[in-house]
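Good morning, and thank you for the time.

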Amino acid sequence: MITTEIIAFGIAKDILKQKKILCQSPSGKISEIRQKLIADYPEFERLSSLKFAVETRYVSDDYVVKSREIVVLIPPVSGG
Amino acid sequence: MDAVALHTTALPTTAIEAFVSTPTSGGIVIFVGTVRNQTRNKAVQHLFFEAYQPMALSEMKKIVEAAKTQWPLHKIAIHHRLGNVAIGEAAVVIACSSAHRQAAFEACAYAINTLKETVPIWKKEFFEDGEVWVAAHP
């Protein structure tokens, strides 16, 4: 299992009830991390969208997180 | 002044206009997004903005570069407010200058529309009886 550090903002932080969590997944693929988060926190499924970023870039569900990379949860943005 | 920035105090609209002004510009378009006192017929007390700052700045820079590629702009600036913002205050200021007005109008509209879709900034509305993250749920 791969352990990934995840940082959350906005409503994602409220759902996790914390700013940072560690997430275990078989290979560190974003799709696996997404599944695990939804399983542990079903409220994520009610969001309009849930995107992922690695460092400061959006990544797709097939991205595999490299060691020491930090994953950021991006719930629906609402700037402006 | 930087072309993109996040501010925890009132946005310097006049300075942002001066930043994009050039002697060859025939038009400056400034969009100021302000905080309304109500949403869906419910009174709003104030807003709170949170950002994933390094990525928000990076996505704002991408908008600046994309706009410069698509329109003949002289300058463009995107500034956003963070933290608590009161009714009537500016939450975002976007300014574009160009030789002729059409490019500045179009680029300014593109910039605010794209910001609302891609820039990791989140807005929370505060009501008398609670608070809600905007657009979080369908």
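Predicted model: local features only at pLDDT ≥ 70, side-chain atom pairs only at ≥ 80, totals over all residues.

Residues are numbered from 1 along each chain as its sequence is written, chains are lettered from A and ligands numbered from 1 in the order in which they are written, and side-chain values use heavy atoms, with hydrogens and water left out.

Let me begin with the interface. Chain A brings 22 residues to the contact and chain B brings 28 residues, where contact means heavy atoms within 4.5 Å. The size of an interface is often given as the accessible area lost when the parts come together. Here the area buried between chain A and chain B is about 2100 Å², and carbon and sulfur atoms give 56% of that; buried area is the accessible area (1.4 Å probe) that two parts lose on being put together, summed over both.

Which residues form the salt bridge? A:Lys13 pairs with B:Glu50, with the closest N and O atoms 2.9 Å apart.

On the side of chain A that touches chain B, the elements giving two or more residues are helix 1 (10-16), strand 3 (51-54), strand 4 (57-59) and strand 5 (71-74) of chain A. Helices (H or I, at least four residues) and strands (E, at least two) are DSSP runs, numbered from the N terminus. Helix 1 of chain A gives the most to that side, with four residues.

I turn now to the aromatic rings. Over all chains, a search of the whole structure finds four aromatic pairs. Rings of Phe, Tyr and Trp (its six-membered ring) pair if their centres lie within 6.5 Å; planes under 30 degrees apart count as stacked, over 60 as edge-to-face and the rest as tilted.

The rings of A:Tyr41 and A:Phe44 have centres 6.1 Å apart and planes at 75°, so this pair is edge-to-face. A:Tyr41 is partly exposed, at a relative accessible area of 23%, whereas A:Phe44 is buried, at 3%. Buried means under 20% relative accessible area, exposed over 50%, and partly exposed in between (1.4 Å probe, protein chains only). A:Tyr41 lies in the loop between helix 2 (30-40) and strand 3 of chain A. Setting aside neighbours within four places in sequence, A:Tyr41 is in contact with A:Ile15, A:Leu16, A:Gln18 and A:Ile21.

In chain B, B:Trp71 is buried, with a relative accessible area of 15%, and B:Tyr110 is partly exposed at 22%. A further group of rings, A:Phe9, B:Tyr52 and B:Trp122, forms one aromatic cluster.

Finally, A:Thr4 sits in strand 1 (residues 2-8) of chain A. Is A:Thr4 buried or exposed? A:Thr4 counts as buried, at 2% relative accessibility. Not counting residues up to four places away in sequence, A:Thr4 touches residues including A:Ile21, A:Cys23, A:Val65 and A:Val71.

Definitions and conventions. Salt bridge = Lys/Arg side-chain N within 4 Å of Asp/Glu carboxyl O.
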